[in-house]
Amino acid sequence: MKDVIVYAEHQRGETRKVTFELASEAGKIAAALGGKAHAVVLGPGSAKLAEQLKNYPLETIFLNEDASIEAFLLDPIVDYLEAAARMAGPSLILIPNTLSGRDVAGRLMVRLAAGMVADVVEVKPDEGAVVCVSPKLGGALITQCALRAADYGVVTVRPNAFAVETGRAGARLEQIAKPASKGYPTAIDRDVEEGAGELALEEAPVVVAGGRGLGGPEPFETLLKPLARALGGAVGASRAAADAGWVPYNLQIGQTGKTVTPTLYIAVGISGAIQHKVGMRASGTIVAINKDAASPIGEFSDLLVVGDAFRIVPELTKLIETAKGNNS
Ligand SMILES: Cc1cc2nc3c(=O)[nH]c(=O)nc-3n(C[C@H](O)[C@H](O)[C@H](O)COP(=O)(O)OP(=O)(O)OC[C@H]3O[C@@H](n4cnc5c(N)ncnc54)[C@H](O)[C@@H]3O)c2cc1C
């Protein structure tokens, strides 16, 4: 395996940060393998996304605005990716570890008789093989699986595993031919968008996360949401808060939750257990508000504010709102 192919998942040209993370890392992996990095962009809006991807270290961006991508379930995507992979020969295909990304990856693995590793957080080329690091069993085990270089490899990558780094611009845009239609069995009737307008936790520039120290579900609404709103961010939580049923599990950050890398992470009433730390340690600036000066989170925070969250957070929110008002 030499070349690396990124599947650039998107909706009408709008994509998630993970696509740019993969496009950034693909160049490095391909260089280590002695090959080239490419991206495949499919469906309406492809040209728009392809223009953005030109800023990343890619050799070729294969695209096709084919409307059937939106008209059927995942089968046409798998056809196109298979075609791109066959053109490249034994290659590593990187796919976002999203709901549909995992589905595409499983099907592609069968088509290419490829090795596959899911939910990967690190990809390390290693003397003719590609080693993929992936937490398993809810994070209790960290596995390393090596894909053989002579074969195809399919890997789904967790959002926020890689940094976004634009690089050598000037990737070539190339139309990829529509694979011969096989007649797809499942057509999409209509798309329903849920939760529109809410900032996705993994992509928020600021995350305000709450833990057991908040004592119940209400402070997430009355304390954390106003602070997150003032900062243009999103609310997250520790597992203790999610396990208690105070917030849904999709807000959980950590080893068995989401990995986030905001510019600013504010941990409120969170002790900083290792399983929480692994999901937020790569954040830009970490601020902790905790009534215990000896709380472990102090060891890896840039700023530990010691005191009662119920007094500090409303004051902080007020100050930010005032500062915003004064500046506008
Ligand atoms: C396999 C495994 C996977 C796990 N995965 C995750 C994961 O993905 N994410 C995760 O978060 N955890 C995870 N955990 C759990 C983790 O070990 C901790 O139990 C958990 O993170 C603790 O959550 P917490 O910090 O909210 O609660 P606690 O550890 O109870 O800390 C509460 C903190 O709030 C402070 N506090 C209390 N009252 C106030 C107040 N009024 N104002 C300010 N501060 C206050 C306390 O001083 C304390 O530091 C996992 C555990 C295991 C075994």
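This note sets out numbered points on the structure shown above.

1. Basis of the model. The model is predicted: local features need a pLDDT of at least 70, side-chain atom pairs count only at pLDDT 80 or more, and totals for chains, interfaces and linings use all residues. Residue numbers start from 1 along each chain as its sequence is written.

2. Overall form. The chain contains 9 helices and 15 strands; these are DSSP runs numbered from the N terminus, with helices being H or I of at least four residues and strands being E of at least two. The C-alpha trace spans about 65 × 40 × 40 Å along its principal axes.

3. Of the 328 residues, 47% are buried. A residue is buried if 20 or more other C-beta atoms lie within 10 Å of its own, exposed if 12 or fewer, and partly exposed in between, with C-beta atoms placed from the backbone. Among contacts with a separation of 6 or more, 64% join residues 24 or more positions apart; two residues are in contact if their C-beta atoms, placed from the backbone, lie within 7 Å.

4. Helix α2. Which residues of helix α2 (residues 46-53) are buried? They are Ser46, Leu49, Ala50 and Leu53. These residues lie on the same side of α2, because they cover an arc of only 105° around the axis; the arc is that of the directions from the helix axis to the C-beta atoms. The buried residues of α2 pack against α1 (17-33), β2 (37-42), β3 (60-64) and β10 (172-175).

5. Ala83. This residue is part of helix α4 (residues 75-88). Ala83 counts as partly exposed because it has 17 C-beta neighbours inside 10 Å. Neighbours within four places in sequence aside, Ala83 is in contact with Ile176 and Pro179. Ala83 and Pro179 are 96 residues apart in sequence, yet their C-alpha atoms are 7.1 Å apart in space.

6. Two domains. The chain is divided into domain 1 (3-175) and domain 2 (201-327), with bounds that come from an automatic or database domain assignment. Their C-alpha centres lie 32 Å apart. Contacts between them involve 9 residues of domain 1 and 8 residues of domain 2. The side of domain 1 that touches domain 2 has 3 nonpolar, 3 polar and 3 charged residues. Here Ala, Val, Leu, Ile, Met, Phe, Trp, Tyr, Cys and Pro count as nonpolar, Asp, Glu, Lys and Arg as charged, and the others, Gly among them, as polar.

7. Surroundings of the ligand. The ligand is surrounded by 31 residues, of which the closest are Gly211, Gly213, Arg239, Ala240 and Gly254; a residue is near a molecule if its C-beta atom, placed from the backbone, lies within 6 Å of it. By class, the shell has 9 nonpolar, 17 polar and 5 charged residues. Domain 1 and domain 2 each give at least three residues to the shell. Helix α7 (239-243) supplies the largest share, 3 residues.

8. Positive phi values. Arg12, a residue other than glycine, has a positive phi near 50°. Arg12 lies in the loop between β1 (3-7) and α1 and is exposed, with 12 other C-beta atoms within 10 Å. Asp119, in strand β5 (residues 115-120), has a positive phi near 60°. Asp119 is partly exposed, with 16 other C-beta atoms within 10 Å.
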